[in-house]
Amino acid sequence: MLLSLSLFPWDKIQFLNDITETLVSSIQFPNRFLTIANVCLTAAAGMAGKVLLQKKAGRSGACYFGAMVVLLVLSSAHLLDSSMYDSQVIRVYNSEGMGTGYISGAEYLPWGADARRFLYHDPVCAGDVSAGGYEKLSLGARVCVDSGERGGSVAFPLLYYKGYHAWDTDSGEELHCRAGENFEVTVDIPGGFSGNIRVGFESPWYWRAGEAVTVLTLGTMLVFLWRKRLPEKGGAYEA
């Protein structure tokens, strides 16, 4: 929890040398440590309560659980007060109103990209291409495209990252997908093309490999704890 406080000297650590500058900059928001701290503190509070119940601590247990109830009421009241009086009301009247151009501090924008242009809008066609039936998806988009003999391209209001792909949903043929003028996801349309196109992000294999390592590590830890709690062989028959 200390790492998430403004009192922690993140700025001084960041400018010690090039290595600390890179490491601290990658954190971006130190208050993210609150998520880890909340999980750890909740687990610690639960284990402490379990120990008090097992030891049948009368007055100590009552004081502990009473303090937990008071803290819960105070935090809930603060959240309710903030939600009702401090938070701004957002009214959405149509699908366009659900779009957002908020990109935080724009730390991950490519150099030269204009963040103001990443707003909700229909695809922008270039060349002998027309598009209709546009649908925004969670990590991509879907649109119906018609192209003349010369072909052209379709630019979507999505920031291009390595991993974006485009394909013809009817035939499954993959189309060339690239970063456009403002680093927008741009799909090259061949001449004479007519059909439905889908653009989506596919996670690289090493992301899945990292998740597999995490699951394997957690499984190994659980098996180790389970085996540690088992009685030793022959221990149950000792006098």
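These legends go with close-up views of a predicted model.

**View 1. Helix H3 from end to end.** H3 covers residues 33-54. Let's check its length: at 1.5 Å a residue, the 22 residues of H3 should span 32 Å, and the end C-alpha atoms do sit 32 Å apart, so the two agree.

**View 2. Helix H3 crossing helix H4.** Two packed helices are described by the angle between their axes and the distance between the axes. Here the axes of H3 and H4 come within 10 Å and cross at roughly 155°. Angles over 145 degrees count as roughly antiparallel, so that's what H3 is to H4. The crossing of H3 past H4 is left-handed.

**View 3. The second largest pocket.** This pocket has a volume of about 320 Å³. It's lined by 13 residues, and the closest to its centre are Asn38, Leu41, Thr42, Leu71 and Ser75. Helices H3 and H4 (58-86) each supply at least two residues of the lining. What kinds of residue make up that lining? Eight are nonpolar, five are polar and none is charged.

Terms used: Residues are numbered from 1 along each chain as its sequence is written. This is a predicted model: local features need pLDDT of at least 70, side-chain atom pairs count only at pLDDT 80 or more; totals for chains, interfaces and linings use all residues. Side-chain values use heavy atoms; hydrogens and water are left out. On a 1 Å grid over the protein atoms alone, a cavity is a set of points where a 1.4 Å probe fits but cannot get out, and a pocket is an open set with protein on both sides within 12 Å along at least five of seven lines; lining residues have an atom within 4 Å of a point. Grid points are joined across faces, edges and corners, and a volume is the space filled by probe spheres set on the points. Helices (H or I, at least four residues) and strands (E, at least two) are DSSP runs, numbered from the N terminus. Ala, Val, Leu, Ile, Met, Phe, Trp, Tyr, Cys and Pro count as nonpolar, Asp, Glu, Lys and Arg as charged, and the others, Gly among them, as polar. The expected span of a helix is 1.5 Å times one less than its number of residues. Axes are lines fitted to C-alpha atoms, for helices over the stretch in contact, and angles run from 0 to 180 degrees between N-to-C directions. Angles under 35 degrees count as roughly parallel, over 145 as roughly antiparallel, 65 to 115 as roughly perpendicular and the rest as oblique. A crossing is left-handed if the near helix is turned anticlockwise from the far one by less than a right angle, and right-handed if clockwise.
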